[in-house]
Amino acid sequence: MDHASQEPSLLIALEVGLAATFRRRIRDRLNSHGVEAMLVEGQGRNYLEVHGDVEPLRTLALDSWKGIEKAMFLGTAHRHVGRKAHDGNHGGTQAVQVGDVTVGGDRLTLIAGPCAVEEEERTLRLAASVASSGARLFRGGAFKPRTSPYAFQGLGEKGLQILDRARKETGLGIVTEILDPRDVEKVSEVADLLQVGSRNMHNYSLLKELGQTRTPILLKRGFSSTSEEFLLAAEYILSGGNPHVILCERGIRCAAASRQVVLDLGIVPELKKKTHLPVVVDPSHGSAEAYRVPALARAAVAAGADGLLLEVHDQPEEALSDGRQALSPEEFKQLVPVLNGLHDSLRSVDSRSGGAVASTRGMEEV
């Protein structure tokens, strides 16, 4: 392949005065990894331009190789997540279709329901309630990863059956968590959107398996993960061939925060800048207290979120999982028009201003 007219993917500065023998050794060692390294001679310093697939080289600690002073990767590690990877789309969000709901489109997507499916009657009652109040998708965990092995772990396959009935009775698409790569096919028969929870963001076997399905994925940020780690987790799914990924900020651990969790809303515009994927926010887990959820939900919309995950339970004090952060059905009903109104107002400001920067200024006026 002729690389003469192409920009290199990696530039390596060699140590001053490095002997030709060592330069060749470094070049040959790089070439053994399937790339093409070309020597560029300069005044007093020599360089290697590296062309081809350099991503596997990122893990080799090139700066530690004898004779290399500095290695500079010129591209991004996000081949599929980054904006430039998405068919030249340098602006806007690529919507993800979840059943008949478009996440990342013109409308705010509200996903609501209990943390866990507890029993059939309550689940159907809550599904009907949030549907009538404006939810577009229904969330509920059939399989629940818990910190304690003695805590409620979910109803499993029985929970999936209940969710399937809720979908048939209300018409709402179903969002539920996937824990095990072996369960992807089974859970996908019920779920319209497979949720990867915070604990499983680093479960690479699961992420690879999800890359083989075409069911949309809701990927939650790990509660101790950086934005870079978050994007690379999404890259696992996208690189496997599944383009239908939605990112979710759900709060990160912080010892100084109330209840040791803080909702990192600053990541929303960061993700919007770096990726074409829709971004939603979970203010329930991000607050751990129901009284803080409405304020954080409004803030998430103002920050540019495409949707929200809101936990709703008719008797939070009796909930088997995370009742402390759940809104009542009435609280959810009152919050929905506020969130939709705020979202529509901000879109109107953005449209009149003609861009994201102007929209940010407009947020200060709303």
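Let me begin with E289, which, leaving aside residues up to four places away in sequence, touches R259, R324 and Q325. Please keep in mind throughout that this is a predicted model.

Let me turn now to the aromatic rings, where the count comes to one aromatic pair. The ring centres of Y204 and Y236 are 4.6 Å apart and the planes are at 25 degrees, so this pair is stacked, given that planes under 30 degrees apart count that way. Which parts of the chain does the pair tie together? Y204 belongs to helix α5, residues 204–210, and Y236 to helix α6, residues 227–239, so the pair links parts that are 32 residues apart in sequence. As for accessibility, Y204 counts as partly exposed at 34%, and Y236 counts as partly exposed at 31%.

Finally, I would like to show you two places where an arginine meets a ring. R25 lies over the face of F22, at 5.1 Å from the ring centre, while the charged end of R29 sits over the ring of W65, 3.6 Å from the centre of that ring.

Notes. Residues numbered from 1 in each chain as written. Predicted model: local features only at pLDDT ≥ 70, side-chain atom pairs only at ≥ 80, totals over all residues. Heavy atoms only, no water. Contact = heavy atoms within 4.5 Å. Phe/Tyr/Trp six-rings, centres within 6.5 Å; stacked < 30°, edge-to-face > 60°. Helix = DSSP H or I, 4+ residues; strand = E, 2+ residues; numbered from the N terminus. Buried < 20%, exposed > 50% of the residue type's maximum accessible area, 1.4 Å probe, protein only. Lys NZ or Arg CZ within 6 Å of the ring centre and 35° of its normal.
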